Amino acid sequence: MNKKNLIQIIEDFCPVETAEIWDNCGFQIDCGNEEIDRVLVSLEVTRKVIEEAKEVEADMILTHHPLFFSEIKKVEQTDVVGSYVIDLIRSGISVYSCHTNFDRLAGGNNDYVGQLLELTDIRPFDRDNGFCRKGETAFDVTFMEMIHRAAEAFNIEERYFRWVGDLTKTVETVGWCTGAGSEFLKDAADEGCDLFITGDLKYHEAQLAKEMGLCVLDAGHYGSEKVFAENMAVMLRQHCKDRDLEIIQSDTDINPFG
C-alpha cells in the first residue's frame, strides 16, 4: 500500500491535531519506503518489538507511545533509544505513533476499555477533558469483583494491580482514564464515580482518594493501555479493508514489571 495513502487514512480517523501540545504524534522514523506491505501494531517500541517486526518482515511499526518525547541531540549505539533508531533504520522499518490523539478518539483507548468492562451508557465526563469516560455497571458488583473483572478484561494478572478503598463497596458508576490519569481523581469524585480506574497512582494521590471515599484501581500504565494493540489493529483493518496491507497485532509482552 502506498505510504502516503496509509498515513492519510490513519490521520483521517485519528487526527494529529487533536493530540496534546506536549505530545509527539506522527512519524518518529520515516525510512523513505514508498510502499508499506506489512504493519506491526504495538503499544511502544522495545528491543523485543523490533525483533518481532524483523521476524514478521514489517515495513512499519504503529505505536501508541511515541519513540521520541523530547528533542534528541545525538544518536549513539550505546544509548538505548539510539540503538533502536540505528537498528530500525538499518532494517528499513519506519515508526509512526498515535498517542493522546488516540486516547481522545471516539472508539479509542478510553471508549474501548468501557466496552471491555461491559459497562453501559459510556460517555465523557460532564466536564469533558477529552480523556476521561464514565459508565454504569449493569449488574450488582463490589469493588473487589470489579478488580477481578478488570484483570480479565485487560488480560493481566491482578498481582500487577494496586488499589485504594473499601473492597466490599458496591460499585455503580465507574470512571476511568487509561495510562496516567490520577490528576483527574477530584473530577471523578465530582462526577459521582464510585470507582476510578487509571495507572501510575502516586502516594499522595492515593491518600487523597482515600480521604474522599473514592475507590481507585491502579491497573498500571501498561495494564490500562496494553489494549491499544488489539484496538488499533481492528480499527485500522476496518479503515483499510480491500487494501493490499497486512496488519499484525504484536504479541510481545513488554510489561517491564516482573
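Let's start with six strands that make an open sheet with mixed pairing, in the order E5-E6-E8-E9-E10-E7. Strands here are DSSP runs of E with at least two residues, helices are runs of H or I with at least four, and both are numbered from the N terminus. Two strands count as paired if DSSP finds at least two bridges between them. At the edges sit strand E5 (120–124) and strand E7 (162–164), each pairing on one side only. On average, neighbouring strands of this sheet are turned by 20 degrees against each other, direction ignored. Angles like this come from lines fitted to C-alpha atoms (for helices, over the stretch in contact) and run from 0 to 180 degrees between N-to-C directions.

Before going on, keep in mind that this is a predicted model, where local features need pLDDT of at least 70 and side-chain atom pairs count only at pLDDT 80 or more, while totals for chains, interfaces and linings use all residues. Residues are numbered from 1 along each chain as its sequence is written, and side-chain values use heavy atoms, leaving out hydrogens and water.

Strands of a sheet pair through backbone hydrogen bonds, either parallel or antiparallel. E5 and strand E6 (residues 133–136) run antiparallel and are joined by three bridges; in E6, Arg133 is the bridge partner of Pro124. Across E7, strand E8 (173–180), strand E9 (195–199) and strand E10 (215–218) lies helix H6 (residues 143–154), at about 25 degrees to E10.

Now for the other sheet. Five strands form this open, mixed sheet, in the order E1-E4-E3-E2-E11. From one strand to the next, the twist averages 25 degrees. Strand E3 (residues 60–63) and strand E4 (residues 94–97) run parallel, with four bridges between them, and Leu62 has Tyr96 in E4 as its bridge partner. Helix H2 (residues 47–55) packs on this sheet, touching strand E2 (38–42), E3 and E11 (contact means heavy atoms within 4.5 Å), and its direction makes about 155 degrees with that of E2.

What about side chains? There are 17 salt bridges, each a side-chain nitrogen of Lys or Arg within 4 Å of a carboxyl oxygen of Asp or Glu. In one of them, Asp87 meets Lys54, with the closest N and O atoms 2.9 Å apart. Asp87 belongs to helix H3 (residues 80–91) and Lys54 to helix H2, so this pair ties together parts 33 residues apart in sequence.

Finally, Trp22 is in the loop between helix H1 (3–13) and strand E1 (26–29).
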